[in-house]
Amino acid sequence: MTDSTRAAIITGANSGLGLECARALLATDPSWHVVLAVRDPRRGAAVVQRLGAEQRCTVMQLDLASLASVRGFIDDSRAGVLPPIRAVVCNAGVQVVSGVQSTADGYEMTFGVNHLGHFALVRGLLDTLHAPARIMVVSSGTHDPDRFTGMPHPRYTSGAELARPPGDLTAEEGRRRYTTSKLCNLLFCYELDRRLDHGAQGMTVNAFDPGLMPGSGLGRDYSPSQRFAWRYVLPALRVLPGVNSTRTSGRHLAALAADPRYDGVTGMYFQGNKPALSSADSYDIDRARELWTSSTQLLAD
């Protein structure tokens with residue numbers, strides 16, 4: 001299988017930030033084995049060939065829009081064929097702006113994939129992680145209404161309402177559901193850190209803002225003109241602060257998941273490789289507990 005001694009699971013590792021995180025992690029230390037948790041294993045196999053590290057990669061099917069798929073992935077992870085799992089990178093994400101789309105379980109797609117699928121994945125993997133272990137949750141600066149991002153401010157109501165929104169979904173509300181899901185990522189991160197006793201159990205949990213990454217897959221549900229600008233025009237803005245290539249952000253994310261200088265660091269929010277304060281709402285403990293409770297109920301429904 002491999003001589004690697006520790007495994008890192010990366011969701012959405014077929015392309016973009018996840019792929020670049022995998023590339024950087026493989027280059028960091030030969031002891032790392034990377035699990036590409038992807039919807040399409042054939043695409044995952046092609047990515048492994050591109051990475052040129054067939055002996056240090058495993059492709060596993062994971063569709064975060066299906067809780068049955070998440071449970072199957074967790075079961076497969078327990079099969080004992082992987083090195084000890086020391087890192088989980090919750091990276092995969094979607095932004096749906098063309099009306100309401102639902103997961104296989106009937107939940108709104110953006111919330112279902114960006115938050116609920118990762119919530120189910122991490123909770124299911126906790127007792128299989130080998131301490132010291134790190135959990136990284138990819139959020140976004142768009143969660144913070146005090147930052148100018150051009151995106152609608154998040155609007156958190158309850159986990160149950162976000163899972164089953166009333167009425168139709170306009171493009172503007174679709175973008176708002178994305179920013180709200182990124183707020184949920186932080187609420188989940190901080191609450192999980194509290195429940196893990198702030199690293200006392202040997203597991204650290206941190207959140208990551210990769211910055212604006214024009215050209216990444218998040219623009220796939222945009223209109224044709226918006227997709228053109230996202231892919232070919234906005235990348236020119238990478239000279240500006242907070243606008244990054246997926247390669248740069250991938251290196252930062254891999255470092256947070258593996259670099260010894262972050263040993264013991266937990267309950268933090270990083271913009272790139274620098275610690276920062278997240279929004280005021282993200283530190284709301286009551287809201288975080290409500291999200292945890294309602295998410296747990298959604299998994300049981």
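R39 lies in the loop between strand 2 (32-38) and helix 2 (41-51), where helices (H or I, at least four residues) and strands (E, at least two) are DSSP runs numbered from the N terminus. The model is a predicted one, in which local features require pLDDT of at least 70 and side-chain atom pairs count only at pLDDT 80 or more, whereas totals for chains, interfaces and linings use all residues. Residues are numbered from 1 along each chain as its sequence is written, and side-chain values use heavy atoms, with hydrogens and water left out.

With a relative accessibility of 58%, R39 counts as exposed; buried denotes under 20% relative accessible area, exposed over 50%, and partly exposed the range in between (1.4 Å probe, protein chains only). Neighbours within four places in sequence being set aside, R39 is in contact (heavy atoms within 4.5 Å) with Q61, L62 and D63. S69, in helix 3 (67-77), also touches Q61, L62 and D63, not counting residues up to four places away in sequence. S69 counts as buried, at 13% relative accessibility.The interior was examined next. A nonpolar core is a set of buried Ala, Val, Leu, Ile, Met, Phe, Trp, Tyr and Cys residues joined through side-chain atoms within 4.5 Å. The largest such core has 54 residues, and those with the most contacts inside it are F73, F111, V122, L126, L129, I135 and L192. Helix 4 (residues 109-125) contributes the largest share of this core, nine residues. A second, separate core comprises 32 residues, including A24, M136, V138 and A257. In soluble globular proteins, nonpolar side chains tend to be buried together. Apart from residues up to four places away in sequence, F111 touches L116, G159, L162, A163, C184, L291 and L298.

Among these partners of F111 are L291 and L298, which are also among the buried residues of helix 9, together with A288, W292, S294 and S295. The cover over the buried residues of helix 9 includes helix 3, helix 4, helix 5 (159-163) and helix 6. The 16 residues of helix 9 (residues 285-300) should span 22 Å at 1.5 Å a residue, and the end C-alpha atoms are 23 Å apart, which agrees; the expected span is 1.5 Å times one less than the number of residues.

Helix 6 (171-195) has 25 residues and reaches 36 Å from its first C-alpha to its last, close to the 36 Å expected at 1.5 Å a residue. Because 19 of its 25 residues are buried, helix 6 is largely enclosed by the rest of the structure. Just after helix 6, D197 takes a positive phi of about 60°, although D197 is not a glycine. D197 is partly exposed, with a relative accessible area of 43%. H198, in the loop between helix 6 and strand 6, likewise has a positive phi, near 55°. H198 is exposed, with a relative accessible area of 51%. A further backbone feature is the cis peptide bond that joins A131 and P132, with omega about -5°; P132 is placed in strand 5. Most residues other than glycine have a negative phi, and most peptide bonds are trans.

Grid points are joined across faces, edges and corners, and a volume is the space filled by probe spheres set on the points. The second largest pocket holds about 210 Å³ of space. Of its 14 lining residues, R6, P132, A133, R134 and D263 are the closest to its centre. Strand 5 (129-138) and helix 8 (246-258) each supply at least two residues of this lining, and the largest share, three residues, comes from strand 5. By class, the lining of the pocket has six nonpolar, four polar and four charged residues; Ala, Val, Leu, Ile, Met, Phe, Trp, Tyr, Cys and Pro count as nonpolar, Asp, Glu, Lys and Arg as charged, and the others, Gly among them, as polar.

A search of the whole structure finds three cavities of 30 Å³ or more, and the largest cavity has a volume of about 40 Å³. R134, M136, T204, N206, L256, Y262, V265 and F270 line the largest cavity. At least two residues of this lining come from each of strand 5 and strand 6 (203-209). The lining of the largest cavity has five nonpolar, two polar and one charged residues.

Note on methods:
1 Å grid on protein atoms, 1.4 Å probe; cavity = no way out; pocket = protein on both sides within 12 Å on 5 of 7 lines; lining within 4 Å.
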